[in-house]
Amino acid sequence: MTGASAHPAPVPLSLLTGFLGAGKTTLLNRLLKDPALADTVVLVNEFGEVGLDHLLVEGVEENMILLESGCLCCTIRDDLIVTLEDLLRRRDNGRIGAFSRVVIETTGLADPAPILNVLVNHPYLAMRFRLDGVVTLVDAVNGMTTLDMHEEARRQVVAADRLVLTKTEIAQPAEAELLRARLDALNPGAEILFPDVAAGELVGAGLYDLAQRPAALRRWLAETEAPGHGHHHHHGHGHDHSHGHHHGQEPHDVNRHDEAIRAFALTANRPVARATFELFWTLLRSIHGPRLLRLKGLVDVAEQPGRPLLVHAVQQILHPPVELDAWPDADRRSRLVLIVKDIEEETVQRLWSAFLGQQAAQGQRESPPLAS
């Protein structure tokens, strides 16, 4: 028996993040009572920060605690890689039972990108785990100030597949609405949920399940309906808060940090060779590096007609593309949504057009001459 064939199916892994005081521990405590999280391993950065005491039952082994829900909880020690490898080793040799899911709760100051980098690029861990999505909590009371003050908070929002708006019951409705508009602008297409959401809507409904959720995929790509506009799935607020077009009516709506962040779409009406897309992404990443905050979308791959490629990247980290069985809607164009910082849209559009033009020229050179 060799390498990959000897291992069980990859374990889905969800990342729970959000700035200090956003309510991660409160949400995690509630989620752990949901049957959907049975047989889950919870990794936390520091036990001291996580109020799971009322759920603790007994120590199983060093650094591991069995919770009343049946979940196993352990700390991330010095290194996430070491912790995850140790977890797999204990599972594989029967020292702990098989687990069906992993949830990692990050510290409030964490940028999610390094953790995602480990999960996607580590040769062994990328084989044993599959990223199920990033859930970011945002405090409706302090969220505006936090986003103003902290780069990490903005990156947590941009990295999210789902946003959970907490403390709305004590926030001023007008402030919460402004915050919601700002979240729309920072991460267009991301689903905004509330803390009472079922566990199954936060975990087990992630990136790789979008193929079974065409409505979610369409929302995910909502930005492409009007490229360059900050948000297009409205929630009852006015149109004055769209990103990059502040009019100054509201004091919180003008923000120098957000102005550097742009969301826009790239499209292609003809199929794109997979190598062309991969070269485009490689060059884009090498030129612009950490200023690329997010890429998501569908590529009409020339080599597999009718089976678009779902692509997803966070801060230079391209997750393994997923081949869908069919298009989610009648639009068959390649559509990529990019969220960038301090990069002009025109710069990226020109690069994309250059690659498409090069591909077209290559195709013309390779095509046989038409019969006269």
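Me: Which side chains does the polar contact of 2.9 Å join, and where does R294 lie?

Reply: In this predicted model, a polar contact of 2.9 Å joins the side chains of R294 and D161, and R294 itself belongs to strand β11, which spans residues 292-299. The side chain of R294 also reaches the backbone oxygen of V158, again at 2.9 Å.

Me: Is R294 buried or exposed?

Reply: The cut-off for buried is under 20% relative accessible area, and R294 counts as buried because its relative accessibility is 2%.

Me: Which residues have the most contacts inside the largest nonpolar core?

Reply: That core has 30 residues, and those with the most contacts inside it are L43, L87, V102, I104 and F129. At least two residues of this core come from each of β1 (11-18), β2 (40-44), β5 (72-75), α2 (80-92), β6 (101-105), α3 (113-121) and β7 (129-139), with α3 giving the most, 6 residues.

Me: What does V102 touch, leaving aside residues up to four places away in sequence?

Reply: Its partners are V11, P12, L13, S14, V41, L43, L87 and F129.

Me: Where is the pLDDT below 50, and how many contacts does that stretch have?

Reply: Where pLDDT is low, the predicted coordinates should not be read in detail. The protein chain averages a pLDDT of 81, and 79% of the residues score at least 70, but over residues 226-254 the value is below 50, although this stretch has 63 contacts in the model beyond near neighbours in sequence. Residues 367-372 also stay under 50, and for them the model has 0 contacts beyond four places in sequence.

Note on methods. Residues are numbered from 1 along each chain as its sequence is written. This is a predicted model: local features need pLDDT of at least 70, side-chain atom pairs count only at pLDDT 80 or more; totals for chains, interfaces and linings use all residues. Side-chain values use heavy atoms; hydrogens and water are left out. pLDDT is the predictor's confidence in each residue, from 0 to 100. Contact means heavy atoms within 4.5 Å. A nonpolar core is a set of buried Ala, Val, Leu, Ile, Met, Phe, Trp, Tyr and Cys residues joined through side-chain atoms within 4.5 Å. Buried means under 20% relative accessible area, exposed over 50%, partly exposed in between (1.4 Å probe, protein chains only). Helices (H or I, at least four residues) and strands (E, at least two) are DSSP runs, numbered from the N terminus. A polar contact is a pair of N or O atoms within 3.5 Å; within protein, one must be able to donate a hydrogen and the other to accept it, and residues adjacent in sequence count only if both atoms are side-chain atoms.
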